[in-house]
Amino acid sequence: MVDIYWAAPLHDVEDRERNTKAASAFRAAGHNVYMPQEHGVWEQCLKNFNGDKQMTRSYFYHLDIIAMNRSNICVVYHSRKTGPSEGQLFEMGYMKAQGKVVILINEVGWDFNLMPEFGADFYCESVEEAIAFMQAEGF
């Protein structure tokens, strides 16, 4: 069992539903998965910070940094036909710079440039391939 940081777009309902479904397969394989979308709702946090957008953004940023520092693996999940999110690419780079394993799942055949494609320790097209890689590598 390892701790996984889930790097994926979460900006609309469809993104979040795909993330939840895909991450459940990693959880079923016995892994802990930190998904930023599960750790706060923008509107509620904004209310908690009295409408201060900068404080709300800082809160989410720091939650995610702590989670990345605690995680062993970054799963970069790309399942939409539009490009990757800025946050997703930042998370991938941050984890790579920390010397952690980065798995890039590209379910839709997005034409990534060389940095994400070759920055990943393992590049695949499905959740099942990623889980099989983790099992083969002893994660």
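**Note on the pocket, the sheet and the cavity**

1. The lining of the largest pocket draws at least two residues from each of α2 (42–48), α3 and α4; helices (H or I, at least four residues) and strands (E, at least two) are DSSP runs, numbered from the N terminus. The model is a predicted one, in which local features need pLDDT of at least 70 and side-chain atom pairs count only at pLDDT 80 or more, while totals for chains, interfaces and linings use all residues. Residues are numbered from 1 along each chain as its sequence is written, and side-chain values use heavy atoms, with hydrogens and water left out.

2. This pocket has a volume of about 890 Å³. On a 1 Å grid over the protein atoms alone, a pocket is an open set of points with protein on both sides within 12 Å along at least five of seven lines, a cavity is a set where a 1.4 Å probe fits but cannot get out, and lining residues have an atom within 4 Å of a point. Grid points are joined across faces, edges and corners, and a volume is the space filled by probe spheres set on the points.

3. Which residues of the pocket lining are closest to its centre? They are Leu 10, His 11, Pro 36, Phe 60 and Asp 64, out of 24 lining residues. Helix α3 provides the largest share of this lining, with six residues. By class, the lining holds twelve nonpolar, six polar and six charged residues; Ala, Val, Leu, Ile, Met, Phe, Trp, Tyr, Cys and Pro count as nonpolar, Asp, Glu, Lys and Arg as charged, and the others, Gly among them, as polar.

4. Five strands form an open sheet in the order β2-β1-β3-β4-β5, with parallel pairing; two strands pair if DSSP finds at least two bridges between them. At the edges are β2 (32–34) and β5 (122–124), each pairing on one side only. On average, neighbouring strands are turned by 25 degrees against each other, direction ignored.

5. Strand β1 (residues 3–7) is joined to β2 by three bridges, with Tyr 5 and Tyr 34 as one partnered pair. Four bridges connect β1 to β3, and there Ile 4 is partnered with Ile 73. Between β3 and β4 there are six bridges, including that of Tyr 77 with Ile 105.

6. Leu 104 belongs to strand β4 and is buried, with a relative accessible area of 0%. Leaving aside residues up to four places away in sequence, Leu 104 touches several residues, among them Val 76, Phe 112, Phe 122 and Cys 124; contact means heavy atoms within 4.5 Å.

7. One cavity of 30 Å³ or more is found in the whole structure. Residues lining the largest cavity include Ala 8, Asp 15, Tyr 77 and Arg 80, and helix α1 (residues 13–28) gives the largest share, three residues.

Methods. Axes are lines fitted to C-alpha atoms, for helices over the stretch in contact, and angles run from 0 to 180 degrees between N-to-C directions. Buried means under 20% relative accessible area, exposed over 50%, partly exposed in between (1.4 Å probe, protein chains only).
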